[in-house]
Amino acid sequence: MKLPKDYRPAPDLLKDKIILVTGAGDGIGKVAALTYAAHGATVVLLGRTQSKLEQVYDDIEAQGGPQPAIYPFDLETATPNDYKDMHQVLEETFGVLHGVLHNAGQLGERTPISDYSPEAWMRVMQVNLNAPFLLTQALLPLLHKAERASIVFTSSGVANRGRAFWGAYAASKAGQDNLMQTLADELEDASAIRANSINPGGTRTAMRATAYPAEDPTTRPAPAEHMPLYLYLMGDDSVGVNGEQFDA
Ligand code: NDP
């Protein structure tokens, strides 16, 4: 699916909403966190590199957004208990959650299956597929407390059809889309939570540069260009949209 034509997010689209963004320290997640804050959200900045999260925190404060929260968290090594603790901390701090952007991701190896290191495979699966499951499961009770809530997953062009040398990344993104659909089907009619996914497409970030080292980065759109779609799916303008895959 595509963003409705001529979509214009209201400046206060996310006012009074609490939104958690994973991988908020860099790339698309950083820009999404800044954009959500600029539209009124209190953003929970989750990521593994504290210094990057602090920079985003400072940037949000500098732009006059609501004071964010930093949640340093390594999705690769976190245990189910760590997710329970996260639920408790967010419950105590905010009592409710209106949105989750599952953005953090790892590219893994660009190698044939025959050579793919099992350790690298499992690392990618842990971050790109198991973590969105664990995080969603842990935070659903807080999302259920909101009048309306949105969970946005991050897909890829290789999710619907695998491609040579994309290994665990492609498999994990296919899995993440499938998880989104299962969840959306379970939530349909039964709750005010919706779940959808975004395939940002080739975007000017560190991950893209690693995947395509010979490419001129200026030929790819910057993350900011995708933000209308990221806002649309996170805000109430997309109420009623559930279980859909969007291309940026
Ligand atoms: P980047 O590599 O620029 O950023 C990824 C973010 O995820 C970083 O903030 C990184 O943290 C964080 N992260 C990685 N591993 C972990 C972990 N174990 N625990 C917590 N955080 C972690 O990627 P992009 O911004 O390009 O990608 C964002 C999403 O978009 C990903 O899901 C990606 O698969 C998807 N995507 C991107 C495309 C593109 O062309 N850029 C195309 C299609 C999909 P840190 O900064 O500390 O490393």
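View 1. Helix α7 (residues 227-234) lies across β1, β4 (99-101), β5 (149-154), β6 and β7, and runs at about 165° to β6. Helices (H or I, at least four residues) and strands (E, at least two) are DSSP runs numbered from the N terminus. Angles, from 0 to 180 degrees, are taken between N-to-C directions of axes fitted to C-alpha atoms, for helices over the stretch in contact. The model is predicted: local features need pLDDT of at least 70 and side-chain atom pairs pLDDT 80 or more, while totals for chains, interfaces and linings use all residues. Residues are numbered from 1 along each chain as its sequence is written, and side-chain values use heavy atoms, without hydrogens and water.

**View 2. The open sheet.** Seven strands pair in parallel in the order β3-β2-β1-β4-β5-β6-β7; pairing requires at least two DSSP bridges. β3 (69-72) and β7 (245-247) are the edge strands, each with a single partner, so one side of each has no neighbour in the sheet. Neighbouring strands are turned by 20° against each other on average, direction ignored.

View 3. Strand β6 (residues 193-199) pairs with β7 in the parallel sense over three bridges. N199 has D247 in β7 as its bridge partner. Helix α3 (residues 80-93) packs on the sheet, touching β1 (18-22), β2 (42-47) and β3, and its direction makes about 170° with that of β3; contact means heavy atoms within 4.5 Å.

**View 4. The ligand site.** An oxygen atom of the ligand is 2.6 Å from a side-chain N or O atom of Y169. For T205, the distance from a ligand oxygen atom to a side-chain N or O atom is 2.5 Å.

Notes
Polar contact = N/O pair within 3.5 Å; in protein donor to acceptor, adjacent residues only side chain to side chain.
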